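Reader: I would like to understand how the labels attached to a model are reached. Could you take me through them one at a time, setting each value beside its cut-off?

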Amino acid sequence: MSLFQILFRHLRQYPKEICGALIAMLLSALAVLYQPRLLEAIQKDLLKGDTSKVISDSIWIIGLGLIAIVAGVLNVYFAAKLAQGVTSDLREEVYEPNYELNNEHFYAVTAFTNYISRFICFGNHYNT
């Protein structure tokens, strides 16, 4: 099984977070991309002297800025929640077989490590 298959298997468990992050990112991008058009309209209205239209477009541009900020925060929230969930699931999948090991396995590894350490220390002590 390839790494992408494993990753996508875990990503399927978080459809709300994926949709939330994508929608928030799309909304933020649209708000940011529409602001230059409003700035251009404000410049034209300033040259015409239409102050009511300038105020109206300025309110729209502030609103779009606030929408972009909120959408950006929501995007970070959903993306972080997705990343933490998938990482936790992957970690659990990798380490779950270790939970089933009994203490005898760890005692055997510890004893073997102690024997190797003693052998190395004895060899170093003998050479000096």
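Author: The accessible surface of the protein chain comes to about 10,400 Å², and 68% of this surface belongs to carbon and sulfur atoms; such areas come from the Shrake-Rupley method with a 1.4 Å probe, and for residues only the protein chains shown count as cover. This is a predicted model, in which local features need pLDDT of at least 70 and side-chain atom pairs count only at pLDDT 80 or more, while totals for chains, interfaces and linings use all residues. Residues are numbered from 1 along each chain as its sequence is written, and side-chain values use heavy atoms, with hydrogens and water left out.

Reader: What is the mean pLDDT of the protein chain, and where is confidence lowest?

Author: The mean is 85, and 81% of the residues reach 70 or more, where pLDDT is the predictor's confidence in each residue, from 0 to 100. Confidence is lowest in helix α4 (residues 103-127), at a mean of 65, and highest in helix α2 (residues 15-48), at 94.

Reader: How many helices and strands are there in the protein chain?

Author: The secondary structure comes to four helices and zero strands, and the pattern along the sequence is α-α-α-α. Helices (H or I, at least four residues) and strands (E, at least two) are DSSP runs, numbered from the N terminus.

Reader: What makes Phe4 and Phe8 an aromatic pair, and why is the pair called stacked?

Author: Rings of Phe, Tyr and Trp (its six-membered ring) pair if their centres lie within 6.5 Å, and planes under 30 degrees apart count as stacked, over 60 as edge-to-face and the rest as tilted. By this rule the count comes to two aromatic pairs. Phe4 and Phe8 form one of them, with 6.4 Å centre to centre and 25° between the planes, so the pair is stacked. Both residues lie in helix α1 (residues 3-11), four residues apart, about one turn of the helix.

Reader: Why is the pair of Tyr77 and Phe78 edge-to-face?

Author: The ring centres of Tyr77 and Phe78 are 5.3 Å apart and their planes stand at 65°, so this pair counts as edge-to-face.

Reader: Why does Phe4 count as exposed, and why does Phe8 count as partly exposed?

Author: Buried means under 20% relative accessible area, exposed over 50%, and partly exposed in between (1.4 Å probe, protein chains only). Phe4 has 59% relative accessibility and therefore counts as exposed, whereas Phe8, at 45%, counts as partly exposed. Tyr77, at 46%, is likewise partly exposed, and so is Phe78, at 22%.

Reader: How do you know that His10 is buried, and which residues is His10 in contact with?

Author: His10, whose place is in helix α1, has a relative accessible area of 6% and is therefore buried. Leaving aside its neighbours within four places in sequence, His10 is in contact (heavy atoms within 4.5 Å) with Val86, Asp89, Leu90 and Glu93. Across the protein chain, buried residues make up 18% of the 128 residues.

Reader: Which residues make the nonpolar surface patch, and why does Leu66 count as exposed?

Author: Ile62, Leu66, Ile69 and Val73 make a patch of about 410 Å². Leu66 is found in helix α3 (residues 51-99), and its 51% relative accessibility is why Leu66 counts as exposed.

Methods. Patches are made of residues with over 30% relative accessible area and no salt bridge: like charges are joined within 9 Å, nonpolar side chains (Val, Leu, Ile, Met, Phe, Trp, Tyr) within 5 Å. A salt bridge is a side-chain nitrogen of Lys or Arg within 4 Å of a carboxyl oxygen of Asp or Glu.
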